[in-house]
Amino acid sequence: MKRRDFITLLGSAAAAWPLAARAQQGERIRRIGVLQAISESDPEAHLRKAAFVGGLQKLGWTEGTHVTIDYRWAGADADRIRLYATEITGMRPDVIWTSGALPLLPLKRATRTIPIVFTQVYDPVGSGFVASLTRPGGNITGFTLGEFSMGGKILEVLKEVAPQVNRVAVILNLEQPPHVAMWRSIEATAPSFGVRLAHEPNGGLIVLPGPITIAHRELITALAARHRLPAAYAFRFFVTGGGLLSYGIDSADQSRQAAGYVDRILKGEKPGDLPVQQPTKFELVINLKTAKALGIEVPPTLLARADEVIE
């Protein structure tokens, strides 16, 4: 190669390098807001966060390089949830991820433009969060816990495990619209199983999912054990912590799915065009140690149907 050609080539390369560097530096770092109603110190919070961030990484979004994630953990405090909803929408992120109806409601009131992806919400159509499952419209979409009828299904499973139960108390939060509807579902289903609902904790117990019941799950499961109450829950972690049984979704899996919708929105898709996804699998988890302590012999047919049995 002639010296003149080499200098020309070197000059061209030198000119190209800064352009490439400037192009890379010019890529806008996207901003994701995260509002979770549980405490940051809760082990469940770590599982959700790891699943969500891991899902983003698999799709090419690395925190600190391609995206900035602003986390707000409200610790089951309704006032703090409302405060954080205002705060996080004020940051004008590209998209927000949240879990549960309690934080979704103030987020919906705070913005009609910032895309919101939710997880762990019962019947978002009936709760007024989206227009329909197939075409949500607006700025909200996500992944449900199922229909309101899930309340009746949880009662059915509880009755299978403990057929002697004829009165059931339900722990719920009246500030969450889905809880009211689930209560009605349980109430409508109860007579067919020879069960009547009671406000006093006698016979059996159903604990509906929400930030408050999740935050106080150790106390709830301990009190259920102390008063010898067969109790049913919606999440596995209640059962690993000593609860009798759960019937519901894998919360970490939904967090990974939420990352997929966040990815699609960051790439230009509109949340109103992304259908709300219904669960395709529900996990039945039974704690045999707790059943034995309560004097309950779990039917073999139910054990055979269980996705996990804790001994």
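1. The largest cavity holds about 160 Å³ of space. A cavity here is a set of points, on a 1 Å grid over the protein atoms alone, where a 1.4 Å probe fits but cannot get out; lining residues have an atom within 4 Å of a point. Grid points are joined across faces, edges and corners, and a volume is the space filled by probe spheres set on the points. Of the 18 lining residues, G100, Q120, Q176, P209 and G210 are the closest to the centre of this cavity.

2. This is a predicted model, in which local features need pLDDT of at least 70 and side-chain atom pairs count only at pLDDT 80 or more, while totals for chains, interfaces and linings use all residues. Residues are numbered from 1 along each chain as its sequence is written, and side-chain values use heavy atoms, with hydrogens and water left out.

3. Which element gives the largest share of the lining of the largest cavity? That is β4, with three residues. By class, the lining of this cavity has eleven nonpolar, six polar and one charged residues. Ala, Val, Leu, Ile, Met, Phe, Trp, Tyr, Cys and Pro count as nonpolar, Asp, Glu, Lys and Arg as charged, and the others, Gly among them, as polar.

4. About 360 Å³ of space lies in the largest pocket, a pocket being an open set with protein on both sides within 12 Å along at least five of seven lines. Closest to its centre, of 20 lining residues, are E44, L47, R236, F237 and T240. With four residues, α9 gives the most to this lining, which divides into eight nonpolar, four polar and eight charged residues.

5. The second largest pocket has about 210 Å³ of space. F143, I249, D250 and D253 are among the residues that line it, and α10 gives the most, with three residues.

6. Strand β1 (residues 30-36) is largely enclosed by the rest of the structure, because six of its seven residues are buried, that is, under 20% relative accessible area with a 1.4 Å probe, protein chains only. β1 pairs with strand β2 (residues 67-73) in the parallel sense over seven bridges, and R31 stands opposite T68 in β2.

7. I32, F52, I69 and I206 have the most contacts inside the largest nonpolar core, which has 70 residues. Such a core is a set of buried Ala, Val, Leu, Ile, Met, Phe, Trp, Tyr and Cys residues joined through side-chain atoms within 4.5 Å. A second, separate core of 20 residues includes A37, I81, I96 and L107.

Definitions and conventions: Buried < 20%, exposed > 50% of the residue type's maximum accessible area, 1.4 Å probe, protein only. Helix = DSSP H or I, 4+ residues; strand = E, 2+ residues; numbered from the N terminus. Pairing = 2+ DSSP bridges.
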